[in-house]
Amino acid sequence: MSTEIRVPQLPESVADATLVTWHKQPGDPIRRDENLADLETDKVVLEVPAPANGVVSEIRVPSGTVVTSGQILAVIEEGAAASTAAPRPAAAPQTAPAAASVSAASATSPAPGAGSAAKTAAPTKAAATNVPAEGAREAGKLSPSVRRLVEENHLDPAAIPGSGRDGRLTKADVVGYLDKKPAAAVAVAPAAAAAVPSPAARAPGRPPVTGARAEQRVPMTRLRARIAQRLIEAQSTQALLTTFNEVDLTATQELRARYKERFEKERGVKLGFMSFFVKASIAALKRFPVLNASVDGNDIIYHEYYDIGVAVSTDRGLVVPIVRDADSKDFAALEKEIADYARQAREGSLAIEDLTGGTFTITNGGVFGSLMSTPIVNAPQSAILGMHKVQERPMVVNGQIVVRPMMYLAVTYDHRIIDGREAVQFLVAIKEALEDPGRMLLGI
């Protein structure tokens with residue numbers, strides 16, 4: 001029996017998606033719930049699972065195509081897996097260069113014949129990515145980011161030790177495996193080696209240009225294009241201004257060091273710094289509610305709840321999952337939720353609902369070594385807090401020069417509704433809460 005595979009129902013805020021990867025080709029067996037293809041939206045990567053066991057009989061949409069809800073992607077024949085699981089023809093490897101060319105062409109500007117070319121190249125791609133089925137280690141069980149890394153580097157997932165749950169591969173496993181492999185010699189393309197030097201390179205007195213000077217044009221991913229669009233919109237529609245302060249984290253570090261082992265043992269999660277900053281931000285937002293507000297036309301919407309976005313950097317770009325009702329959660333609940341969101345973001349398994357909404361955002365450039373920055377507001381929010389690297393610096397305390405762990409804080413805000421006085425006092429309130437964390441516990 002033939003079954004049509006269609007694009008799942010997309011959320012209301014998502015009009016379409018891009019089919020970025022086929023994990024099966026015509027003739028390949030597939031099992032129920034195994035991932036057939038990846039769809040990339042503006043925010044997340046969605047998987048298209050198979051509804052039943054069978055064999056892929058037809059692919060109707062090539063990679064790189066923009067698709068909409070309900071559109072037919074492929075057709076599978078149910079119950080035919082056993083009869084089609086034959087080995088690939090021996091001649092398939094000879095067509096690998098042509099398959100690579102077809103794949104590259106279809107990813108940029110599909111030609112009228114791309115459909116037939118993709119079918120010709122299908123056995124090669126399937127052979128290149130075919131791996132032994134070993135439970136959670138098979139290709140269908142890899143997260144999108146891990147699968148993309150494995151396919152780009154032509155790796156066999158079965159050869160990589162997995163550190164995730166049930167031996168599942170993580171991105172860190174693949175990166176570590178690549179780091180251990182000897183670097184391959186990079187061959188210079190003959191055309192590039194024989195390129196004619198520019199007039200400037202042939203000018204007397206200048207050294208000749210040697211080596212390859214290649215350029216590569218790569219289309220933006222849907223997420224990267226959406227990030228670019230939102231950043232430009234924020235800067236063109238809001239009057240953004242940034243104010244700075246610095247915080248002495250001595251008391252916070254001492255409190256964390258004193259209780260982190262007991263906290264982890266009793267609450268089952270590590271005590272990090274992010275929960276302190278979320279708690280301090282909420283305390284300051286309650287004192288200055290306009291920083292938790294947003295603009296709608298000529299109206300200011302004051303949100304009486306605190307949905308805090310925590311920016312997470314992934315290999316695809318920056319995403320901001322939302323911690324709902326953060327004011328009602330204790331330190332352990334905040335740490336668990338933030339850690340779960342960070343893991344899901346890097347695995348590409350966040351849902352659209354996890355990224356929608358938010359009243360205030362916290363971003364931490366300190367994990368990359370940044371000492372100071374001016375973050376851009378995540379519209380339609382009106383403010384964002386920027387954390388930075390903790391660095392020991394000499395400070396004057398009670399007339400004495402002492403070494404203290406210091407961090408620069410930055411808050412960027414929409415000057416249309418937030419005055420400089422409120423922004424500065426808001427940042428001072430965060431500083432005071434972190435320098436005396438007992439106040440957050442007592443609510444004063």
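1. **Basis.** This is a predicted model, in which local features need pLDDT of at least 70, side-chain atom pairs count only at pLDDT 80 or more, and totals for chains, interfaces and linings use all residues. Residues are numbered from 1 along each chain as its sequence is written, and side-chain values use heavy atoms, with hydrogens and water left out.

2. **Overall.** The protein chain has 13 helices and 19 strands. Helices (H or I, at least four residues) and strands (E, at least two) are DSSP runs, numbered from the N terminus. Of the 444 residues, 39% count as buried. Buried means under 20% relative accessible area, exposed over 50%, and partly exposed in between (1.4 Å probe, protein chains only). Among contacts in the protein chain with a separation of 6 or more, 64% come from residues 24 or more positions apart. Contact means heavy atoms within 4.5 Å.

3. **Helix α8.** This helix covers residues 222-237, 16 residues in total. From first C-alpha to last it reaches 22 Å, close to the 22 Å expected at 1.5 Å a residue. The expected span is 1.5 Å times one less than the number of residues. Arg 222, Leu 223, Ile 227 and Ala 234 are buried. Seen down the axis of α8, these buried residues fall within an arc of 130°, so they line one face of the helix. The arc is that of the directions from the helix axis to the C-beta atoms. On the other side, Ile 232, Gln 235 and Ser 236 are exposed. The cover over the buried residues of α8 includes β2 (17-22), β4 (35-40), β7 (66-67), β9 (240-248) and β14 (317-319).

4. **Helix α12.** Residues 420-435 form α12, which has 16 residues. Its reach is 23 Å between the first and last C-alpha, close to the 22 Å expected. Buried here are Glu 422, Ala 423, Phe 426, Leu 427, Ala 429, Ile 430, Ala 433 and Leu 434. Their arc, seen down the axis of α12, is within 150°, so the buried residues line one face of the helix.

5. **Packing of α10 and α11.** Two packed helices are described by the angle between their axes and the distance between the axes. For α10 (residues 274-287) and α11, the angle is about 115° and the axes are 9 Å apart. Axes are lines fitted to C-alpha atoms, for helices over the stretch in contact, and angles run from 0 to 180 degrees between N-to-C directions. The crossing is right-handed. A crossing is left-handed if the near helix is turned anticlockwise from the far one by less than a right angle, and right-handed if clockwise. Helix α10 makes the contact with Met 274, Ser 275, Phe 276, Val 278 and Lys 279, and α11 with Phe 331, Leu 334, Glu 335 and Ile 338. By class, the contact has six nonpolar, one polar and two charged residues. Ala, Val, Leu, Ile, Met, Phe, Trp, Tyr, Cys and Pro count as nonpolar, Asp, Glu, Lys and Arg as charged, and the others, Gly among them, as polar.

6. **Positive phi.** Asp 325 is not a glycine, yet has a positive phi of about 45°. Asp 325 sits in the loop between β15 (322-323) and α11 (331-347). It is partly exposed, at a relative accessible area of 40%. Asn 398 is another non-glycine with a positive phi, about 55°. Its place is the loop between β18 (391-397) and β19 (400-414). Asn 398 counts as exposed, at 79% relative accessibility.

7. **The β16 to β17 loop.** A cis peptide bond joins Ala 379 and Pro 380, with omega about 10°. Pro 380 is in the loop between β16 (360-364) and β17 (383-387). Ser 382 lies in the loop between β16 and β17. Ser 382 is buried, at 0% relative accessibility. Beyond neighbours within four places in sequence, its contacts include Val 290, Val 295, Val 377, Thr 412, Asp 414 and Ile 418. The C-alpha atoms of Ser 382 and Ile 418 are 8.1 Å apart, across 36 residues of chain.

8. **Val 150.** This residue belongs to helix α4 (residues 144-152). At 5% relative accessibility, Val 150 is buried. Not counting residues up to four places away in sequence, Val 150 touches Leu 142, Leu 155, Pro 157 and Val 174. Val 175 is 25 residues from Val 150 along the chain, and their C-alpha atoms are separated by 9.6 Å.
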